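Please open the structure in your viewer and get ready to select a few residues. We will go from the whole chain to some pairs of side chains.

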Amino acid sequence: MTILLITNRYPKGPDDPASPFVPDFVEALRVLGARVVVLTPQYGPPAEDEQWDINRFRFGSDHQDIPIGSWNYLSPATWRKMRQFLHSGERASDLLAEQLGVDHILALWALPSGWFAHRTARKFEIPYSVWCLGSDINTWAKRPFFGRLTRDILQDAKHIFADGFELARSASQFGAKPCRFLPSLRLLPEPAVDAEVDGPARPYFLYAGRIHRTKGVFDLLAAYHQARRELSQFDLVYVGEGPELRKLRTMVGRDDFNGRIKFTGRVPAGRLQRYYQHATATVIPSRSDSLPLVFSEAVQCNCPLVVYNTGDMGHFARRFNLGRVIATGNIRGLSDAMIAIARNDVPHATHRRTMMRMLHPSRAARNFLRTIDGRRSPSTISISGGRDEQRVPANSPVEVRRR
């Protein structure tokens, strides 16, 4: 089977944070015998030693560094650039479909990848699926014009998937059809027992991800400020970049935290893994994510979590006893949870390996191929233990009612 995988982003190397889970999923599909060719936009200069099956389409005369989701849509120039982007992507998608004899198209994100899949599938009579990954449903689908596009793309898709149960429910409503859970996960190497400490000399709480308001970066700062006396022996480390980084730095400087708050910017994957390994806890106060990559990365490194009850984070954290779950937006609760973990009141992760097997790219790839091939769904697996055990089909539609 030949699959054309169209994705909004594809990393240029192991340290590129652009959708780092995609290569693991692609490799898992190939191990199962599928031929996978990737199409993605070209952002920045071309990648060195790019594989032949990774196709990056260019749009415009210059290298574009800003992803399409961050463009200023109030500017007429943006819409002119958008037309160029859509034309270039559609032409590249059509060419690959014609040359390769594609059997199925998988679009990662409903927009803009789903738009390319929708157009090409109609011309060449190829079935296509859409893998919803958060921002397409939680943000863009709620906006005028883009919402209607999203609805049309999902309704015409043969199958739709989402990387969270809550997200799947929303996508199912838009697509007017069942949406199946398909997890996104970047695999990290097994943590080294004697790994070198990489981070502050003092104990620290870790934030890793985009420095953006919807990710809760200001909530975390406020929570740390409230607990500054109880957490006087603990630093706070922000790893990542984003549009709110300058404002966040200014606020930290104004409040005079005496150097206890660190900003690392973007770091290589190996160094980030060591940050996870040695953190007191990873804090994910996101107000918009489904099950972000940082969640599974911290779990792989056996790092306790403090998370908002957003998307599926609360469900997974509670079921597998991975950390503390706080009502979304409850800054006092966030502060209290950090204090409790600082006092060694740390939940003992149970069935962590079970969760990782559930989210593993090989399982996701197998379930995806079974679905598009029309085969019967795999058997159920347990996602918790004891009397509170809950069994859910690993690739079940969201209509399945949990006990």
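What follows is a short tour, one selection at a time.

**Before you click**

This is a predicted model, in which local features need pLDDT of at least 70 and side-chain atom pairs count only at pLDDT 80 or more, while totals for chains, interfaces and linings use all residues. Residues are numbered from 1 along each chain as its sequence is written, and side-chain values use heavy atoms, leaving out hydrogens and water.

**Stop 1: the whole chain**

Show the chain as a cartoon and you will find 14 helices and 15 strands. These are DSSP runs numbered from the N terminus, with helices (H or I) of at least four residues and strands (E) of at least two. Of the 403 residues, 56% are buried. Here buried means under 20% relative accessible area, exposed over 50%, and partly exposed in between, using a 1.4 Å probe and protein chains only.

**Stop 2: Arg-30 and Asp-53**

Next come the salt bridges, each a side-chain nitrogen of Lys or Arg within 4 Å of a carboxyl oxygen of Asp or Glu. By this rule there are 14. Select Arg-30 and Asp-53: their closest N and O atoms are 2.6 Å apart. Arg-30 sits in helix α1 (residues 22-31) and Asp-53 in the loop between β2 (35-41) and β3 (54-57), so this pair ties together parts 23 residues apart in sequence. Arg-30 is partly exposed at 24% relative accessible area, whereas Asp-53 is buried at 6%.

**Stop 3: Asp-289 and Lys-215**

Move on to the salt bridge between Asp-289 and Lys-215, with closest N and O atoms 3.0 Å apart. Asp-289 is in the loop between β11 (281-284) and α10 (293-300), and Lys-215 is in the loop between β8 (204-208) and α7 (217-226), so parts 74 residues apart in sequence are tied together. Asp-289 is buried, with a relative accessible area of 17%.

**Stop 4: Asp-219 and Arg-287**

Which parts does the next pair, Asp-219 and Arg-287, tie together? Asp-219 belongs to helix α7 and Arg-287 to the loop between β11 and α10, so the pair links parts 68 residues apart in sequence. Their salt bridge has its closest N and O atoms 2.7 Å apart. Asp-219 is buried at 10% relative accessibility, while Arg-287 is partly exposed at 42%.

**Last stop: a network**

Finally, select Glu-90, Asp-94, Arg-119 and Lys-123, which salt bridges with shared partners join into one network.
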